[in-house]
Each structure stands twice: as C-alpha cells, then as structure tokens.
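Good morning. I will take one structure and walk through it by its parts. Please have it open while I talk.

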Amino acid sequence: MDRREFIKKSGVAAAGTLLDTTPFASMLAKDDKKNNGMKIVVLTGSPRKNGNTNHMADEFIRGAKEAGHEVFRFNTATSDVHSCLGCNHCGMDGPCVYEDDFTKVLRPEIIKADLVVFCSPMYYFGFSAQLKATIDRFYAINGTLHTRKKCVFLMAYANMSKKDAEAMTAHYKTIADYMGWEDVGCVIAPGIWTAGSIKGTKYAKESYELGKLL
Ligand SMILES: Cc1cc2nc3c(=O)[nH]c(=O)nc-3n(C[C@H](O)[C@H](O)[C@H](O)COP(=O)(O)O)c2cc1C
C-alpha cells in the first residue's frame with residue numbers, strides 16, 4: 001500500500017461510521033453468532049498495574065477464556081516498544097529497524113489474531129502514549145493487518161461527561177474502519193478515577209460479559 005492509499009482510506013473512514021452516535025457501552029446481543037476458538041490479542045495501555053483498565057482487561061480475558069478463546073495479552077506500558085521513527089524503512093509492510101518487543105513479541109501474535117482489544121485509560125481525551133506508540137508501530141505491518149479481524153474497545157476515565165469520551169471513541173472507530181476490522185463491542189467507563197475503583201462496578205461486569213459473549 002502506498003502513501004496515497006493510506007490517506008485515501010483514512011478519508012473514507014472519516015466519512016463512514018465516525019459520525020454515528022456512540023453507545024456508552026455497546027455489547028454483542030446474546031443471540032449473535034458465536035465465534036468459537038478465536039485468537040485474541042489484548043493491548044493494555046495503563047502503567048498502573050492494579051489500575052482500572054487493567055482490571056477491565058482481566059475481566060474481559062476471564063470471560064473470553066471461559067468461552068473457549070485463546071488470549072495473548074500485551075501490556076504496552078511494561079514492554080519495550082519504541083516510538084515509530086517514520087523512517088519508512090518498512091515501506092508500510094516490511095521489516096522495522098527496531099528489534100524490540102513489538103517486533104519480537106507482538107508482531108507475530110497480532111498478525112494471526114482474529115480479534116484485537118484496545119484497552120486504555122483516557123489521557124487528555126486520547127489513548128495513553130504507551131498504547132498509541134504501539135498502534136503507530138502497526139505501520140510496519142500495515143498491509144498485513146488489513147485482514148478480516150474484529151476489535152473491542154475498553155476505556156475508563158475520571159470525568160462524568162459523555163462528550164469527553166467522543167474523541168477517543170471516534171479515534172478507535174476510525175482505526176477500525178481503516179483497518180477493515182469489525183467493532184464488536186465497547187465498554188466505556190466514566191467517573192472512574194482512583195486505581196481499582198472500577199472493581200465491582202457494572203463496567204467490570206460488562207467487560208467480563210463482553211469477553212464471554214464473543
Ligand atoms: C496523564 C493523565 C491524563 C488523564 N486525562 C484524563 C482526561 O482527559 N479525562 C478524564 O476524565 N480523566 C483523565 N485522567 C484520569 C484517568 O483516565 C482515570 O484515572 C482512569 O481511571 C485511569 O485508568 P487506569 O487506572 O487504568 O490507569 C487522566 C489521568 C492521567 C494520569
């Protein structure tokens with residue numbers, strides 16, 4: 001894929017579902033077709049080990065494993081992932097100059113994944129820098145990642161305003177549209193601030209149920 005195609009595809013995505021009303025917590029319907037035995041990659045973005053989004057990931061994974069799926073978890077905040085240099089050595093689909101955890105650990109797993117989970121705290125209305133750095137490294141396997149996959153979005157933030165979540169949700173949906181991945185559910189948790197405060201809330205339960213219902 002060349003640069004013009006990348007930009008063109010992004011434009012199409014922006015005109016697509018981006019303007020749809022974003023559900024606060026969209027879930028798969030119980031009678032949706034089951035996808036048994038999927039390979040799932042969970043990308044977590046929080047540096048807080050006992051934080052809220054890591055708990056959402058724990059609960060999602062618990063549900064997904066109970067449903068018979070295989071899960072590979074990649075904690076971006078504790079992994080060695082360099083920011084993309086934009087050197088274009090990869091040509092958007094080739095070897096990256098960095099031999100770090102993205103290349104050695106995540107790259108083979110995400111290529112074969114059927115479903116990718118983006119799990120991040122809200123940091124200034126966007127993904128955490130750690131998760132964003134990992135997403136940017138998709139560039140080196142951009143063509144290879146444009147296959148039929150599903151994706152999920154798990155996010156927590158301190159404020160109560162639904163509007164505050166719009167930019168991040170739109171970003172997630174635009175990435176999904178661009179990659180050609182099907183969004184199969186979001187759990188968006190407002191009013192969650194201190195580490196661990198998500199435990200026992202409906203958002204933790206919804207994360208588990210989303211994993212279980214896949
Ligand atoms: C650097 C930083 C930026 C943040 N930005 C926002 C923000 O823009 N809006 C908001 O409501 N909360 C914001 N928060 C609060 C976190 O989103 C919230 O505490 C969340 O539950 C953290 O999730 P975690 O425990 O998984 O790290 C911010 C927190 C930090 C540390």
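A word on terms: on a 1 Å grid over the protein atoms alone, a pocket is an open set of points with protein on both sides within 12 Å along at least five of seven lines, a cavity is a set of points where a 1.4 Å probe fits but cannot get out, and lining residues have an atom within 4 Å of a point. Grid points are joined across faces, edges and corners, and the volume is the space filled by probe spheres set on the points.

Thirteen is the number for this pocket's lining: it is lined by 13 residues, and Arg-48, Pro-121, Met-122, Tyr-123 and Trp-193 lie nearest its centre. The lining divides into eight nonpolar, four polar and one charged. Here Ala, Val, Leu, Ile, Met, Phe, Trp, Tyr, Cys and Pro count as nonpolar, Asp, Glu, Lys and Arg as charged, and the others, Gly among them, as polar.

Before going further, the caveats. This is a predicted model, in which local features need pLDDT of at least 70 and side-chain atom pairs count only at pLDDT 80 or more, while totals for chains, interfaces and linings use all residues. Residues are numbered from 1 along each chain as its sequence is written, and side-chain values use heavy atoms, with hydrogens and water left out.

Now the closed spaces. There are two cavities of 30 Å³ or more. The largest cavity has a volume of about 100 Å³.

Next, the chain as a whole. It has seven helices and six strands, where helices (H or I, at least four residues) and strands (E, at least two) are DSSP runs numbered from the N terminus. Along the sequence the pattern reads α-β-β-α-β-α-β-α-α-β-α-β-α. Of the 214 residues, 48% are buried; buried means under 20% relative accessible area, exposed over 50%, and partly exposed in between, with a 1.4 Å probe and protein chains only. Contact means heavy atoms within 4.5 Å. Among contacts between residues at least 6 apart in sequence, 80% join residues at least 24 apart.

Thr-44 counts as buried, at 1% relative accessibility. Leaving aside residues up to four places away in sequence, Thr-44 touches several residues, including Ala-57, Phe-74 and Cys-119. A polar contact of 2.6 Å joins the side chains of Thr-44 and Asn-75. A polar contact is a pair of N or O atoms within 3.5 Å; within protein, one must be able to donate a hydrogen and the other to accept it, and residues adjacent in sequence count only if both atoms are side-chain atoms. Thr-44 and Val-117 are 73 residues apart in sequence, but their C-alpha atoms are 8.1 Å apart in space.

Ser-46 sits in the loop between β2 (39–44) and α2 (52–66). Is Ser-46 buried or exposed? Ser-46 is buried, with a relative accessible area of 9%. A polar atom of its side chain lies 2.9 Å from the backbone nitrogen of Arg-48, and Arg-48 is one of the residues nearest the centre of the second largest pocket. Beyond four places in sequence, Ser-46 touches Thr-53, Asn-54, Ala-77 and Pro-121.

Asn-52, in helix α2, is also buried, at 5% relative accessibility. Its side chain has a polar atom 3.2 Å from the backbone oxygen of Thr-194 and one 2.9 Å from the backbone nitrogen of Gly-196. Among the contacts of Asn-52 outside its sequence neighbours within four places are Ala-156, Trp-193 and Ile-198.

Phe-102 lies in helix α3 (residues 101–112) and is buried at a relative accessible area of 2%. Among the residues Phe-102 touches, not counting those up to four places away, are Phe-74, Asp-80 and Ile-141.

Last, helix α6. Residues 166–179 form this helix of 14 residues, which reaches 20 Å from its first C-alpha to its last, close to the 20 Å expected at 1.5 Å a residue; the expected span is 1.5 Å times one less than the number of residues. Its buried residues include Met-168, Tyr-172 and Met-179. Just after α6, Gly-180 takes a positive phi of about 80 degrees.
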